[in-house]
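Dear colleague,

I am passing on the structure we spoke about, and below it you will find notes on what turned up when I went through it. Please read them with the coordinates open beside you.

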Amino acid sequence: MVRSRLRSSRLATAATAVLAAALPAGFRDRQRGEWTSDLDELGPGARLSYLLGALRTLPGLRRSVLRHSGAGSGLPAVRLTGAGIGARILLYGLLGPVLSWILMVPVRYYALDVPSRIAGGTADYDPKSLWPLAGTPGWTMPIWVALYLAAWVAVLGVLFLLPWVVMTGSLSVLRRGRARRGLLAAVAVTAAVALVGAMWSLSTGALPFDLAGVNGIRTTGVLGLVAVLCAVRVRDLTRRARTGLAVVGTAAAGMAVWTATPAGQAVLWWFMD
């Protein structure tokens, strides 16, 4: 019995440490102390339910702490500069196209052994007819279509990628309760209009398709270098945001470098064919 209670107490302590790690440093110890105090008053059977409830409310608690920093919470106020907001927009906006491109282009190309399909001449190698756009349950199709379109945004270049990044990034920052909400909403709407205009121009032939491909990926690479620079130079970023910018930026720049190689061009032309 004693060993069981000790084991339960240790697990609860470890769980509160993991949960508290997601909170800002100035608030972390206080909240962990509150969780630990509550758990000490609960029986072993109720502790799991309490921890699951804490996990469920953790994102909202984190946003609330960040939003009200310096307003009677005992935390130092965080002043979001224009550069900080712009860096976050770049992070959230570039994340989707980069991850989607990696999954829908090189991962599918090599996982499905497309070179052998092309060499054999009998198997289907059309990107739109392969997994996951085919062979998965129909209810999952919106997910794959969204990833497919986001991958195309990375390929189509500046007239598509830049509005996409600004639109999705602004909406993500807006949803997280950051400052300048009216301005962010206006920027997101303007970017959405620009993106729709670019899509209409491409569909009507007013916009040349040769902007896509290697030229388009170069735009992704440039934005990746800007993201890495933001990770190094912008001061009002959390450690997680700084790390995200560095990782996403490096991946985006790596995409541009790799597609300049023969192997990368072969994969890219397969996707665009």
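**The second largest pocket**

Helix α6 gives the largest share of the lining of the second largest pocket, 5 residues. The model is a predicted one, in which local features need pLDDT of at least 70 and side-chain atom pairs count only at pLDDT 80 or more, while totals for chains, interfaces and linings use all residues. Residues are numbered from 1 along each chain as its sequence is written, and side-chain values use heavy atoms, with hydrogens and water left out.

At least two lining residues each come from α6 (141-156), α7 (158-175) and α8 (181-204), where helices are DSSP runs of H or I with at least four residues, numbered from the N terminus. The pocket (on a 1 Å grid over the protein atoms alone, an open set of points where a 1.4 Å probe fits, with protein on both sides within 12 Å along at least five of seven lines; lining residues have an atom within 4 Å of a point) holds about 230 Å³ of space, a volume being the space filled by probe spheres set on the points, which are joined across faces, edges and corners. Of its 11 lining residues, Leu149, Trp152, Leu156, Phe160 and Met199 are the closest to the centre. The lining divides into 11 nonpolar, no polar and no charged residues, with Ala, Val, Leu, Ile, Met, Phe, Trp, Tyr, Cys and Pro counted as nonpolar, Asp, Glu, Lys and Arg as charged, and the others, Gly among them, as polar.

**Helix packing**

The axes of α4 (residues 82-111) and α6 come within 7 Å and cross at roughly 100°, the axes being lines fitted to C-alpha atoms over the stretch in contact, with angles from 0 to 180 degrees between N-to-C directions. The two helices are therefore roughly perpendicular, a term that covers 65 to 115 degrees. Contact (heavy atoms within 4.5 Å) involves, among others, Trp101 and Arg108 of α4 and Trp144 and Tyr148 of α6, and the residues of this contact divide into 12 nonpolar, 2 polar and 1 charged.

**Backbone and confidence**

In the loop between α5 (114-120) and α6 lies Pro132, and the peptide bond from Trp131 to Pro132 is cis, with omega near 0°. Asp113, in the loop between α4 and α5, has a positive phi of about 55° although it is not a glycine.

The chain averages a pLDDT (the predictor's confidence in each residue, from 0 to 100) of 82, and 85% of the residues score at least 70. Over residues 70-78 the pLDDT is below 50, and beyond near neighbours in sequence this stretch has 13 contacts in the model.

Best regards

Definitions and conventions
Parallel < 35°, antiparallel > 145°, perpendicular 65-115°, else oblique.
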